[in-house]
Amino acid sequence: MDWSLLTCARKGHITYAPDEEGLRERLVVSSPIGDAWRCLRCGTYLHGEPHGAGPADRAPLVKRGRELRDAFIMRFFAVERGIRGLIVLVAAYGVWRFAGSRGSIERIFEKEIPLLRPLAEQIGWDLDHSKVVTSLRHVFDLDARTLRWLAVGLVVYGAIELIEAVGLWLLQRWGEYFAVVATCFGLPIEIYELVEKVTALRIGALVLNIGLIVYIVVTKRLFGVRGGRAAHEAHLRSESLIEVELATHESDLRHPSRPEPEPTG
């Protein structure tokens with residue numbers, strides 16, 4: 001998949017006319033209908049005036065190729081974190097409402113259980129020893145204050161997930177650090193739950209979170225990995241089309257091609 005072409009099709013092309021003459025000639029071609037400028041993202045030539053002009057070092061730093069793929073992956077994680085955060089906040093609201101009307105809900109629950117017993121017996125479900133029923137009765141034993149603190153904890157957790165989602169979606173470096181640190185704090189809980197009971201969902205969640213940590217730390221060079229922030233920014237600049245063409249132009253100036261010898265006769 002050509003991420004550069006895909007992004008240009010969605011967002012539009014970006015062209016730039018550098019002041020440096022030799023570099024400028026590498027980014028423009030003449031045609032019968034006028035000059036065509038090379039897109040800094042996908043390399044396509046477009047007729048018309050460039051979107052910007054000025055010194056090469058002021059050209060926009062446009063993500064290309066692998067950087068666009070990385071941005072897509074980061075936003076995938078952002079959507080996953082955002083959905084999880086919203087679900088947790090909804091659960092927090094439910095717990096808070098339940099804390100205020102626990103007694104009435106418990107009475108309705110205990111009233112309806114006997115009505116469900118004949119149906120449960122028909123399908124072989126022992127309501128009296130059901131883990132679902134036992135867990136619900138355990139929740140009813142909690143006092144309102146405990147339930148409200150639980151709701152507060154869920155709100156905090158949901159807010160953390162949403163902050164992660166925003167930072168990752170905006171492709172901000174602080175968001176990458178925040179996501180790694182927050183996810184690391186959650187790993188011990190996930191490991192404890194997995195030791196308590198192994199399920200496909202818990203295994204998948206643990207693998208996803210470990211994969212997120214490794215991916216962000218390595219590709220974004222966090223915590224000094226692979227040269228840290230300076231190396232990451234240098235890599236972004238080196239991938240810029242302007243930088244690529246500038247390096248090629250400077251190389252040509254240092255090592256001009258030799259003229260071919262004239263044939264002797």
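Aspartate 70 is found in helix α3, helices being DSSP runs of H or I with at least four residues, numbered from the N terminus. The model is a predicted one: local features need pLDDT of at least 70, side-chain atom pairs count only at pLDDT 80 or more, and totals for chains, interfaces and linings use all residues. Residues are numbered from 1 along each chain as its sequence is written, and side-chain values use heavy atoms, with hydrogens and water left out.

Aspartate 70 counts as buried, because its relative accessibility is 3%. Buried means under 20% relative accessible area, exposed means over 50%, and partly exposed lies in between, with a 1.4 Å probe and protein chains only. Aspartate 70 touches Tyr215 and Lys220, neighbours within four places in sequence being left aside. Contact here means heavy atoms within 4.5 Å. Tryptophan 3 is 67 residues from aspartate 70 in sequence. In space, the C-alpha atoms of the two residues are 9.9 Å apart.

Tryptophan 3 also takes part in the packing of two helices. A packed pair of helices is described by the angle and the distance between the axes. Helix α1 (residues 3-11) packs against helix α3 (residues 66-100) at an angle of about 70°. Their axes are 9 Å apart. Axes are lines fitted to C-alpha atoms, for helices over the stretch in contact, and angles run from 0 to 180 degrees between N-to-C directions. With that angle, α1 is roughly perpendicular to α3. The cut-offs are under 35 degrees for roughly parallel, over 145 for roughly antiparallel, 65 to 115 for roughly perpendicular, and oblique for the rest. From α1, the contact uses Trp3, Ser4, Thr7 and Lys11. From α3, it uses Leu68, Arg69, Phe72 and Arg75. By class, three of these residues are nonpolar, two polar and three charged. Nonpolar covers Ala, Val, Leu, Ile, Met, Phe, Trp, Tyr, Cys and Pro; charged covers Asp, Glu, Lys and Arg; the others, Gly among them, are polar.

The cysteines were examined next. A disulfide is a pair of cysteine sulfur atoms within 2.5 Å. By this rule, the count of disulfides is zero. Cysteine 8 is in no disulfide, its nearest cysteine sulfur being that of cysteine 39, 3.6 Å away. Cysteine 8 is buried, with a relative accessible area of 5%. Cysteine 42 is in no disulfide either. The nearest cysteine sulfur to cysteine 42 is that of cysteine 8, at 3.7 Å.

Histidine 232 is found in helix α9 (residues 228-239). Histidine 232 counts as buried because its relative accessibility is 9%.

Two loop residues have a positive phi. Most residues other than glycine have a negative phi. Leucine 171 has a phi near 60°. Leucine 171 sits in the loop between α6 (144-169) and α7 (173-196). At 25% relative accessibility, leucine 171 is partly exposed. Arginine 226 has a positive phi of about 55°. Arginine 226 lies in the loop between α8 (200-219) and α9. At 44% relative accessibility, arginine 226 is also partly exposed.

Overall, the chain has 10 helices and five strands, strands being DSSP runs of E with at least two residues. Of its 265 residues, 31% count as buried. Among contacts with a separation of 6 or more, 68% join residues 24 or more positions apart.
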